[in-house]
Amino acid sequence: MRHLRRVGGACALSAVLVAGACSDESPAQPDSAALGGTLTADYSGDGPGSLVSADDLLTVDRRLSGISSTVARVVYRSTSGVDGSATEVSGTIFAPEGDAPDGGWPIIAYGHGTTGVQPDCAPSTDPELLGSSPIVTALVRSGYVVAVSDYQGLGLDSSYHPYLDATTAANNLIDSVRAAQKLVPDASDRWASFGGSQGGQAAWAANELAGTYGDGLEMVGSVSLVPAADITGLARAAADGTLTADQKPLLQWVLVGLAESHPEIDLDDYRRGIVAERWDELSACGGPLAADRTELAAQIDDDDLRPATPEAERALEGYLREMSLPRTRSAAPMLVIYGGQDSLITQSWTDGAIAAACAAGDTVESLLQPNAGHADIDGAAAFPWITARFAGTPAVSSCPAPPQP
């Protein structure tokens, strides 16, 4: 039985896990990462999770580097969830100091919240991982190797970012675990996914694909805070003119990715007014173009993102359904924590996703916090839940008991 160090400051999870999440506020402009020498690692193979490069990351939060034996920016191979093509993805990997427990260091694939949709929006380019360094620090201090995928298209300009495509994000998280094993010799095969907002969707999706795409690894569970699990409701809200102020820039970033994934889309079916006129500024996360994004996002009118025709609405709903969860039974237990006052991911959308996962036979512990929004969720339950999964304690399910025959 593995013994993990207890974490301090777990109550800080609420704001940290969803830092940078979609809202009308632009993430901080990233700095360029300063890299040291090439790290010793297993660079063999060319399949998913194989390492292209691993370099000592010199510019990182000292609270994190001070407790880590490995601090690396990596590039590893993964797979697009849109067309199945081979991709390269960047990210960061951190390992604890000291001797690994019996069986090796357990691994957390950490899914970061939304940071943007352009190559310069990657956590690995910023010393504080664009807001994620406190939670990564807490996880490393608790005795986990932590792999933080930038996600496809963030950090590298060799591809685009299919924002909120669940399969792509899941593949990226799973392959970050394989990359961590290539870099950290005493890393375990046992892992969990953990994230908030966009990362909450990624963590959930990784659990669903753990038994197939993640074959060869032992998934013990996933934690999803305020996950963007089922986003199909964005299409109806856009058509009805009921998108919230937070959902408008969210949908605009979704459309940026969809236009790349589906070249047949005519963006002018979904954008007009300030969205059409200032598309590049609204799509940016850093640099001069992003300076006015907050102000511009606040000016988006209900008609600016309304589908031009009922056919366009149905097409958008179909694309969003393809990106959403659940789609198959999960491989391991899930913890989902979400808020009743969430103005970004509507409570009813998450309610529906959880109900569908329960109907599929998943083990889901769901915790609704009725008075919480998207960025003030209390995630304190996440750390002991993860610790229990690695310890082999059976998970509790909130799902209704299946009907008796």
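Visitor: Let's start with E208. Which helix does it lie in?
Guide: Bear in mind that this is a predicted model: local features need pLDDT of at least 70, side-chain atom pairs count only at pLDDT 80 or more, and totals for chains, interfaces and linings use all residues. Residues are numbered from 1 along each chain as its sequence is written, and side-chain values use heavy atoms, with hydrogens and water left out. Helices are DSSP runs of H or I with at least four residues, strands are E runs of at least two, and both are numbered from the N terminus. On that basis, E208 lies within residues 198-209, which is helix α5.

Visitor: What does E208 touch, leaving out residues up to four places away in sequence?
Guide: Contact here means heavy atoms within 4.5 Å. With that cut-off, the residues touched by E208 are L325, P326, R327, T328, R329 and S330.

Visitor: Which residues have the most contacts inside the largest nonpolar core?
Guide: A nonpolar core is a set of buried Ala, Val, Leu, Ile, Met, Phe, Trp, Tyr and Cys residues joined through side-chain atoms within 4.5 Å. The largest one has 50 residues, and helix α4 (residues 166-183) gives the most to it, with nine. Apart from it lies another core of 36 residues, including L251 and M323. Back in the largest core, the residues with the most contacts are I93, W191 and W204.

Visitor: Why is the pair of Y144 and F390 tilted?
Guide: Rings of Phe, Tyr and Trp (its six-membered ring) pair if their centres lie within 6.5 Å; planes under 30 degrees apart are stacked, over 60 edge-to-face, and the rest tilted. Y144 and F390 have ring centres 5.4 Å apart, and the pair counts as tilted because their planes are at 40 degrees.

Visitor: How many residues apart in sequence are the parts tied together by Y163 and W253?
Guide: These two form an edge-to-face pair, 6.2 Å centre to centre with 90 degrees between the planes. Y163 lies in the loop between β6 and α4 and W253 in helix α7 (residues 247-261), so the sequence separation of the parts they tie together is 90 residues.

Visitor: What are the buried residues of α13?
Guide: Helix α13 covers residues 382-391, and it is mostly covered, with seven of its 10 residues buried. The buried ones are A382, F383, W385, I386, A388, R389 and F390.

Definitions and conventions. Buried means under 20% relative accessible area, exposed over 50%, partly exposed in between (1.4 Å probe, protein chains only).
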